[in-house]
Amino acid sequence: MCIGFIGLGNMGFPMATRLLQAGHRVVVFDVSAETTRRAVALGAEAALSPRNVADRAETVLASLPSEQAALDVATMSDGVIEGERVRRFLDMSTIGARTAQQISTLLAERGIAALDCPVSGGVAGARAGSLAIMVSGPPGEFAVAEPVLDLLGRTIFVGAQPGAAQTMKLVNNLMAATTLAATAEVMVTGVKAGLDPAVMIEVLNAGSGATHASRDKFPRAVLPRTFDFGFATGLMVKDVRLYLQEALALGTPAELASAVAGLWEKTLDDQGAESDFTTIVKTIEASTDVIVDGRTDR
Ligand code: NAD
């Protein structure tokens, strides 16, 4: 089967690689020529534009960094919307329900189905094919696309309503943003009080304070001070902002989300959009004289 893939970043590249390894023809496009070259070296075919991808593949996947990039790729001039062969567009990006609905409406006018397929599980999950993939859109199209998605992770159908999976993804990421921020804050407090950070993480993980942040993010990227988990602070802030927009539009309480958002905005200012999101701990450390350092050779 020929599959299109647009956006070969931290997530898109390993996902496209898995499709190639499964024996599919994969036609790719990324604004970065270097990234495209790396994919071609693995057997992908380079396209000249999103439209050119959609001229060649019935099923086109995308993993893009912003709402604007997703809108441009899907619906603008030289976008997927102008492709001759494409039947369905599967957007794995996190872009919020409203943008997903906009894309769905515009593509439907050209007879192209849109499936929202935001993912959770990070770069490690993308490499291992163990992502959690939330899907919303026409159930018949989901049935056609499911074998492709199954190569990338475990799919959970959220509902037929366009954007539903995006709302689910934002709920998930607000939880991830909150638990990472909370873990960073308590770790700084514990270290300031004289506790050993590695012992703290061991205890949290044995007790009721365990979260994905304590189980995975701290051991892998904070205690060793590598800050290389693979998710950019700019993307985390994008997701927190999108969550707040949805809560505001729905009129639901967001006191906790607002406090968490403040800390993430500060991290964006201090560490920069390209920094790894685990650097939130550095922003909290900055107002103290402690470092959460779990290296044994320090
Ligand atoms: P990234 O910035 O590493 O990759 C984005 C890629 O898209 C880059 O290669 C960039 O060159 C390309 N791109 C940008 N604009 C483009 C355009 N107009 N046309 C074609 N290519 C374009 O981002 P990422 O970390 O891979 O994340 C991608 C999406 O997945 C985001 O929406 C993010 O929120 C979501 N996500 C990321 C993770 C993660 O752990 N990194 C986890 C879950 C979801």
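# Reading a predicted model

Student: In which helix is the place of Val 222?
Tutor: This is a predicted model. The helix in question runs over residues 212–222. Val 222 therefore has its place in α10.

Student: Does Val 222 count as buried or exposed?
Tutor: Buried means under 20% relative accessible area. Val 222 has 0% relative accessibility. So Val 222 counts as buried.

Student: How far apart are the C-alpha atoms of Val 222 and Thr 279?
Tutor: Along the chain, these two residues are 57 residues apart.

Student: What is the relative accessibility of Gly 7?
Tutor: Gly 7 sits in the loop between β1 (2–6) and α1 (12–21). Across 21 residues of chain, its C-alpha is separated from that of Val 28 by 7.9 Å. Gly 7 counts as buried, because its relative accessibility is 5%.

Student: With which side chain does Thr 59 make a polar contact?
Tutor: Thr 59 belongs to strand β4, residues 59–62. At 1% relative accessibility, Thr 59 is buried. Its side chain has a polar contact at 2.8 Å, and the partner is the side chain of Arg 88.

Student: What reach does helix α8 have from its first C-alpha to its last?
Tutor: Helix α8 covers residues 164–192, which is 29 residues. At 1.5 Å a residue, 42 Å is expected. The reach in the model is close to that: 43 Å.

Student: Which residue with a positive phi follows α8?
Tutor: Look past the end of α8. The phi there is positive, near 105°. The residue is Gly 194.

Student: Is Asp 78 buried, exposed or partly exposed?
Tutor: Asp 78 has its place in the loop between α4 and β5 (88–91). Its phi is positive, near 70°, though it is a residue other than glycine. Most residues other than glycine have a negative phi. At 38% relative accessibility, Asp 78 counts as partly exposed.

Student: What is the relative accessible area of Arg 225?
Tutor: Arg 225 lies in the loop between α10 and α11. It is not a glycine, yet its phi is positive, about 55°. The cut-off for buried is under 20%. Arg 225 is buried, because its relative accessible area is 17%.

Student: How far is an oxygen atom of the ligand from an N or O atom in the side chain of Asp 30?
Tutor: Asp 30 is among the residues that come nearest to the ligand, and so is Lys 238. A polar side-chain atom of Lys 238 lies 2.9 Å from a ligand oxygen. For the side chain of Asp 30, the distance to a ligand oxygen is 2.6 Å.

Student: What percentage of the ligand's accessible area does the protein cover?
Tutor: A polar backbone atom of Gly 9 lies 3.4 Å from a ligand oxygen. On its own, the ligand has 830 Å² of accessible area.

Student: Which elements give two or more residues to the shell around the ligand?
Tutor: Both domain 1 (2–161) and domain 2 (167–285) give at least three residues to the shell. The elements giving two or more are α4 (67–75), α6 (122–128) and α11 (233–250).

Student: How many charged residues does the shell around the ligand have?
Tutor: There are 24 residues around the ligand. By class, 13 are nonpolar and 8 are polar. The number of charged residues is 3.

Terms used. Residues are numbered from 1 along each chain as its sequence is written. This is a predicted model: local features need pLDDT of at least 70, side-chain atom pairs count only at pLDDT 80 or more; totals for chains, interfaces and linings use all residues. Side-chain values use heavy atoms; hydrogens and water are left out. Helices (H or I, at least four residues) and strands (E, at least two) are DSSP runs, numbered from the N terminus. The expected span of a helix is 1.5 Å times one less than its number of residues. A residue is near a molecule or strand if one of its heavy atoms lies within 4 Å of it. A polar contact is a pair of N or O atoms within 3.5 Å; within protein, one must be able to donate a hydrogen and the other to accept it, and residues adjacent in sequence count only if both atoms are side-chain atoms. Accessible areas come from the Shrake-Rupley method with a 1.4 Å probe; for residues, only the protein chains shown count as cover. Ala, Val, Leu, Ile, Met, Phe, Trp, Tyr, Cys and Pro count as nonpolar, Asp, Glu, Lys and Arg as charged, and the others, Gly among them, as polar. Domain bounds come from an automatic or database domain assignment. Buried means under 20% relative accessible area, exposed over 50%, partly exposed in between (1.4 Å probe, protein chains only).
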